[in-house]
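Biologist: Please take me through this model and say what stands behind each term you use.

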Amino acid sequence: MRSRINACALGLIVMLVILCGVGPELSPYEQSQQNLELKATNPSLSHWLGTDPLGRDMLTRILHGGRVSLEVGLLATAVAAVIGVFYGMISGLAGGRADAAMMRVVDILYAFPFINFVILLMVIVGREFWLIFVAIGAVEWLTMARVVRGQVLALKNLEFVTAARASGAGFWHIVWKHLLPNVTGPVIIYASLTVPGVMLLEAALSFLGLGIQPPDASWGVLIREGASSMETYPWLLLYPGLFFSATLLALNLLGDGLRDAFDPKSMSQHQA
Amino acid sequence: MIRFLVSRFVQGVVVILAVITITFTLSQMVPGGAIRNERNVSEETKKAQEEYFGLNKPWIVRLGLTLKHYVTLDLPDSYHYKGRGVDEIIASGFPVSATVGIAALVIALGIGVPLGAIAALRPNTLEDRGSTLVATLGICTPSMVLGPLIAMLFGLKLRWFNVAGWFDSTDWVLPALTLGVIYSAYIARLARGSLRETLAQEFIRTARAKGAGETSVVFLHAMKLASLPVLNFLGPAAAGLLTGSFIVETIFQLPGLGQFFIAAATNGDHQLTIAISTFYAALIVSFNLLVDILQALLNPRIRLHA
């Protein structure tokens, strides 16, 4: 049962990635190509998901928006993972006072109203695409750092590390060859649970008009446009909403599945 | 216990001073500013206002002044809403956000806990599957999709409530419903997981063995421990709910703190930006502390140490 759900979730994600990656290229329309005579139309043979009030093809825009949303989700998670692994690894390896101080910093950062900082950052740098995922990634690394630190603390006193040290392996060799491969599992699991959260944050920023800027599209932008005209054209809200929800569902199921499959106990311990 | 409280208080003060400094530094980078950007105002008036607010001083002096405002609890005036203290503006926006937030919290707990408990008590039955499915769907429905849908159904189609605004005494219902439904999904998932885990523990078997009824086992013994992860989630979540979700306040056009913050950030009203961020931080710190104390009360195995 569980594995079948995981396979479905993975399949859905792969399909979405391919669709969003290739779809906009195969489509006969450009995502921002207007057809003012057409206005908003219902789904038809030439426009499978209809068009928006400017006559832009919805399917093309949704797939293009999905590409942007997925990119932000993956890149921001990658930023968070790099910072978190680096910080957690140093903290765990250092141990003692340095470790306690570094973890106290993480505790303090947890109490920061990060959404306010991100909103301010968006206002400052004029809503650049790269800034969105750097800003989101810079605030999402805290739990990742805790997970990695816990793992490193457990690993660094195990026999195989001692053996490596005894056989003359240098510090970086131990980090690179022995510790990093062993923290990859938890990092991947936690990252797969971070991606949907990041995508929600991006959509929220875009919905508030602070993220991706029209005529460029992300799912947040499309939902914002759809919500403003939902009374007259409800499908403009429903279609991007459905794509977004399905993606979040698949990512959440996959993340849960990976967590259960690898180590049911470790995550809840780290969160405590 | 006293040492714990003192150390957490000091930590909270550090958080708040750091948040003031960071928000100050960030807001210095916002191009223009509330006074510079004003139209139909003569250069002399702008100069006079900048003089009044101390904007012509070097930034390090201004940072010092800002920190002094908060340390002495003598809060500054907003740049944009002339003559109004930032505390007055927070006092006008917070009740709106708090009303919606508290109602949402009640809805979230009211739906989430029973849903999770039913699933945990009848593992692998239809009830379990059904409530888990509902919870998973709830988590995957973003508020910016659910909000407009709820507004369309109850506001435009059924005409039970206003679609937007803050005029009638029932205007909190739709935003609270949107937030409550989404948070209830998280709570249901956490409640199910932790109650199941708790029911499998030794002390539950002991309670059953000494003849405690099923109701008392679940409500007196298991619920206490099982509520810990839910509490842990609720700390930050409650702070977020009380201060208003930016999204929901935007959808339903509520004059809450979130709206004030976005406006202040975009039009360069730095004093208000700093004040609202600081207020958020103070709330988060207090809620986290409250949760820690509650957890220690509920679980004798948790000791509070500095």
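Biologist: What share of the contacts in chain B between residues at least 6 apart in sequence join residues at least 24 apart?

Modeller: The share is 74%. A contact here means that the C-beta atoms of two residues, placed from the backbone, lie within 7 Å. This is a predicted model, in which local features need pLDDT of at least 70 and side-chain atom pairs count only at pLDDT 80 or more, while totals for chains, interfaces and linings use all residues. Residues are numbered from 1 along each chain as its sequence is written, and chains are lettered from A and ligands numbered from 1 in the order in which they are written.

Biologist: How many helices and strands does chain B have?

Modeller: Chain B has twelve helices and zero strands. Both are DSSP runs numbered from the N terminus: helices are H or I with at least four residues, strands E with at least two.

Biologist: Why is helix α8 of chain B called hardly covered?

Modeller: A residue is buried if 20 or more other C-beta atoms, placed from the backbone, lie within 10 Å of its own. Among the eight residues of α8(B), 202–209, the count that qualifies is zero, so the helix is called hardly covered. Across the 306 residues of chain B, buried ones make up 42%. Just after α8(B), G211(B) has a positive phi of about 95 degrees.

Biologist: What makes up the contact between the two chains?

Modeller: 28 residues of chain A are in contact with 35 residues of chain B. On the chain A side, the largest share, eight residues, comes from α4(A).

Definitions and conventions
A residue is buried if 20 or more other C-beta atoms lie within 10 Å of its own, exposed if 12 or fewer, and partly exposed in between; C-beta atoms are placed from the backbone.
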